[in-house]
Amino acid sequence: MSAGTRVLRYDGMPVGTEFQESEVEMSAETLRRYAESIDDDGLMAEAAAGPGTPVSDYSVFILFAITRHVVAKDGEVPAGGVLARQDVSAVRPVRVGDVVRTRARVHEKYERRGRRYLVLRCSISDSAGDPLGTVDNHIIWAR
Amino acid sequence: MNNADGFLITQERINSYAEAVRDFNPIHVDPEFAATTPYGRTIAHGTISASLMLRQVIRQLREDRPLLDLTVRYIAPSRVGDRLICEATLADDEAVPGIVAYDLRCLRDDATVVTVGRARFADRQAGR
């Protein structure tokens, strides 16, 4: 898709639609803030251990698969949508200091009980392009 | 096993999590907007419960095998004032040899199930 700030419409994103790559640094500060918000002392210790430390908790992958960020270069997600399900597949842990790249793609669309779902597959890799894992976001798209 | 004390949802915690994950969806952080939605007020990011469930396995059960995958279904919202309690139990129906699986549940203190999931880990002893 091309750059822009338009609101992304469900009908305008067929399966296979790809979004421009986004980037997040897994800095010690980012990890510390995340650990604080969920009261996780173990993650706090990993943040304090500094660059190169593997992050044991794969829930941090969620940080790299926030829908509105991974599509942000192509458009805005309408407010009111809800995340219904996530499927996380792990290859290896992210390390403190890694610059993480996410490439998102519309993997599937379906309707259930009058709700329109869009499955956004987020492929996550490090700055060298080596895969870290994938996250599939099943989103109930706002009407 | 469960974390009996629970995790109290406050607007401050929601805001803190929003900043950490950079997700400022107004349904979480804007009470005026949230009042116009079917929820009637702000709700916590569902992913908070996923984080808490996985933490339960890693920290409380001291599971240190490599995670293969995690599936999470967000069923009900958690709201300010709710206390979330997470449970993790060893799954006895995992059919793949060399994989250890846990069934995960996160409940509000009114017993409503908020999130369910399954986390699968590679069992090193099985040579995976």
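How many residue pairs are in polar contact between chain B and chain A? In this predicted model, where local features need pLDDT of at least 70, side-chain atom pairs count only at pLDDT 80 or more, and totals for chains, interfaces and linings use all residues. Residues are numbered from 1 along each chain as its sequence is written, chains are lettered from A in the order in which they are written, and side-chain values use heavy atoms, with hydrogens and water left out.

Between chain B and chain A, ten residue pairs, both at pLDDT 80 or more, are in polar contact (a pair of N or O atoms within 3.5 Å; within protein, one must be able to donate a hydrogen and the other to accept it, and residues adjacent in sequence count only if both atoms are side-chain atoms). Two salt bridges are found across this interface (a side-chain nitrogen of Lys or Arg within 4 Å of a carboxyl oxygen of Asp or Glu), and the side chains of B:Arg13 and A:Asp39 meet in a salt bridge at 2.2 Å, N to O.

Chain B brings 29 residues to the contact and chain A brings 32 residues, where contact means heavy atoms within 4.5 Å. The area buried between the two chains is about 2700 Å², with 54% given by carbon and sulfur atoms; buried area is the accessible area (1.4 Å probe) that two parts lose on being put together, summed over both. On the side of chain B, B:Arg22, B:Arg59 and B:Tyr74 lose the most area to chain A, together accounting for 21% of what that side buries.
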